[in-house]
Amino acid sequence: MRYLVGRFGHLITVLFLVTVLTFLLVNVLPGDIAYDIAGLDASEAEVQAIREDLGLERPFVIRYFDWLSGVLVGDWGISYRTGEPVTEAILTRFPVSLELMIVTQLIAVLLAVPLGVISALRANSKVDRVVTVTGFFFLSVPAFMMAIILIYIFGLWLNWLPVTGYESISEGLWTNVRTFILPALSIALAEWTLLTRVLRADMIGVLQEDYISMARAKGMPMARILWVHAMRPSSFSLITLLGLQVGNLIGGSIIIESIFALPGVGRLLITAIYTRDFMVIQGCVTFIALGYVVINFGVDMCYALLDPRVRTARAHG
Amino acid sequence: MPNHAKHTIRSGFSAGLMMAVCSAVAFAVPAQAEPVKGGTLTVGLETDVRGFDPAKGGVYGISGRTVAGAIEEPLLMVDPDRNFQPFLATSWQNSDDGLAWTLKLRKGVKYHDGTDFEASDVAHHFNRILDPKTKARARAFITAIKDAQVIDDHTVQFNLKHPWHGFLPAIAGRDMAGLIESPEQTAAGKQNREPIGTGPYIFQEWRGGDRIIVNKNPDYWDKDKINFDKIVYRILPDPQTRFQSLKAGDVDLIWTDRGNSIRAAEKDKSVTVFAQDGAGSGLFLLNASKPPLDSQVVRQAVRFALNQKAVNKILWKDTKNFAEHPLGIDCGDVAYPFHNMAKAKELVAQYGKPIKLEMIHTTTPRGRELGEIYQQLLKKAGMELVLAPVDQSILVKRVFTNKYMMSGWRVADALDIGPQLFGLSYSKSPYNITRYKSPEMDKLSLGMRTAKDPKTRIKLQCEMAKQINIASNMAFGGANRYYIVMQPNIKGMRGFTMGTAYVWYMWREKG
């Protein structure tokens, strides 16, 4: 319990610092949303009226605490550009980013785990080298480039998958999933390499442990040794990295969301940055920070699940 | 002026309508087959709509007009022969003194919520925009209207501050000022995100940043002309993505201004390309209040050094027309200073002092490229140009707060360029962003604004363009030319204005 309270306090502190820093940085950025809203044909008087309307003339500190007091009661403000509530804007787009995140990590894990295990088992063999070289090839291709290649092959040439857009699950499961295959692959084809490498490294170490040697000596099948006895202790780095990658994807898949026209949080954020829509920027950054902290909290909990020694150590404070 | 059911304006508005006619006729599908009813049209848009309430939604761009035009309607429309045609208004009459326009409205038209369309709705729409407290951006384009008055349920009178032959173009535009929204939905505060109009399509859903869906209006007053059951507008900001989506068959129709995509589409037999000339043009501002640009000699030196033809070729891959002025019609000789490096050097020598200038430009690839081209051209002429890349919103701010020397800008396409020309040229206008003051230009501007007939208005607009070219406080470049690329089985394309294809009249050919 003490541990949980401590972690929660840590979460609040991080969030507070992130929101202050973001508010500060966004407000010192050059640019003025009033001009963007007013358009090229507006007069200076019209721009000034917009600034007053939006309360942009108020001191930074007052605006920050005004915003913060709203956040605490669930009111994250209104988009200056569209008038849409920020919470609504984020929550309608989050499922898209979430689904992209899940499909991407699923593909990455499905590739990384078996290949990582094989590489560890056959360390320094031809198989290991092929996996390594292939992995580094995909790692060296930027995600946007991979996206373009995949679009050309599967979207335009073979016409197997849609090039852009998002279809919700209400349109049908397959209709929904197929819109994520190319975007998820664009990211996952680089991510699996990192996951494979950390799993391989950890597993090589674990496979040299005495208890593994004992299990082998006792004639236990290799498959059982790998998946039951070696996998769990080899997973800590994998899970840590997975957590970081997932957190990164909450708002970090901006380029992929833009290329594939997925209406996710990343695209919302980049549009808000270009148009200096402060409330949306603030809301998105807070949301992303919250997601990051929660996910990493979840990763910590996973350690406890995977390793009983962690639970015991924590229980004894 | 006598009542005209069809009021032919040969020269009453400066849109690319003449050009639009020629292009539309040249490119329109001749002898259309019988329209096929049903199905869904998917349109790829460049930007999301900001909103549909004139008080909150700013001004429409092409994307906004393409969506709003399906849901709401204007009082008049402009046909390919440049005639104003009845639409929500069936007839119109100008008073003898030119200070009032009386319009009769179509009967039996209903909003999507079942309420009747009446004169009070029209009056409400325009008076609300005209009210300074509303802070509607569209107000700037119709300030010559004093108010709109209800005469009876289907008659509305517009009272003007002065005779204004920009009135009919202003109410015929499919933009924030022209399109009539539901007053009840507006009063409920919902019009911005859940628009209601009288149009052929009813708003269904708006998934922000993703798509807007509209369904056929079964009770539309002209329903025989409407074919698709549904239109899905997909937001595809990236031009490459938009084009790839069309090629992959994910969307049926897109607008694009990317030279590479246009050229590729023209060679691609699997798509159809429609080109439509419009009014408006690119604009390059030379701030006449900042030395050495306060010297006409220096400004003219810059103008002769610039090369619009080269810019059109390099930046736009020759997908834009050469613009001597932004009116989109034939004005005759407007004293356009064509590229002449020898003349530019001569003027630099005449000035006799080193010329160092600064140009602000956007940080986009196109903005940077334009800056570099101009830098090279001015260097050849013996002038130094310092480039200052800035964000779009900073650029706008610096222009309006007079913290710039030279900058890119634009003259937006419109059915009547007059208000923009006036704003840019009249010395007391808050939009006189080059700060050029000239009694002659003021006289021309005021004369144009209050011209007693459309012909005189257009003639004075041409003269204003000529004076701008001579004063060289602005350089016109790259006339608007719109490209719609679509699947070959989409039919019903007709001549359009301001880059906005009338997607609501289209259909999909069978087979």
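The model is predicted; local features need pLDDT of at least 70, side-chain atom pairs count only at pLDDT 80 or more, and totals for chains, interfaces and linings use all residues. Residues are numbered from 1 along each chain as its sequence is written, and chains are lettered from A and ligands numbered from 1 in the order in which they are written.

The interface draws 39 residues from chain A and 35 residues from chain B. Contact here requires C-beta atoms, placed from the backbone, to lie within 7 Å. On the side of chain B that touches chain A, strand E11 (230-235), helix H6 (239-248), helix H12 (392-400) and strand E16 (406-411) each give two or more residues. Helices (H or I, at least four residues) and strands (E, at least two) are DSSP runs numbered from the N terminus. By class, this side holds 14 charged, 11 nonpolar and 10 polar residues. Ala, Val, Leu, Ile, Met, Phe, Trp, Tyr, Cys and Pro count as nonpolar; Asp, Glu, Lys and Arg count as charged; the others, Gly among them, count as polar.

Chain B also contains an open sheet of 4 strands, ordered E5-E6-E8-E7, with antiparallel pairing. Pairing requires at least two DSSP bridges between two strands. Strand E5 (89-94) and strand E7 (145-152) of chain B are the edges, each pairing on one side only. Neighbouring strands are turned by 20° against each other on average, direction ignored. Helix H3 (residues 119-130) of chain B packs on the sheet. H3 touches strand E6 (100-105), E7 and E8 of chain B, and its direction makes about 165° with that of E7(B). Axes are lines fitted to C-alpha atoms, for helices over the stretch in contact; angles run from 0 to 180 degrees between N-to-C directions.

E7(B) and strand E8 (residues 155-160) of chain B pair in the antiparallel sense over 6 bridges. The two strands form a hairpin with 2 residues between them. Val150(B) stands opposite Val156(B) in E8(B). Leu160(B) in E8(B) is the bridge partner of Ile145(B).

Helix H13 (residues 418-425) and helix H15 (residues 454-471) of chain B pack at about 40°, with their axes 11 Å apart. H13(B) is therefore oblique to H15(B); the term covers angles that are not under 35 degrees (roughly parallel), over 145 (roughly antiparallel) or 65 to 115 (roughly perpendicular). Gly418(B), Leu421(B) and Ser425(B) of H13(B) meet Arg457(B), Gln461(B), Met464(B) and Ile468(B) of H15(B). These contact residues divide into 3 nonpolar, 3 polar and 1 charged.

Conventions: Contact = placed C-beta atoms within 7 Å.
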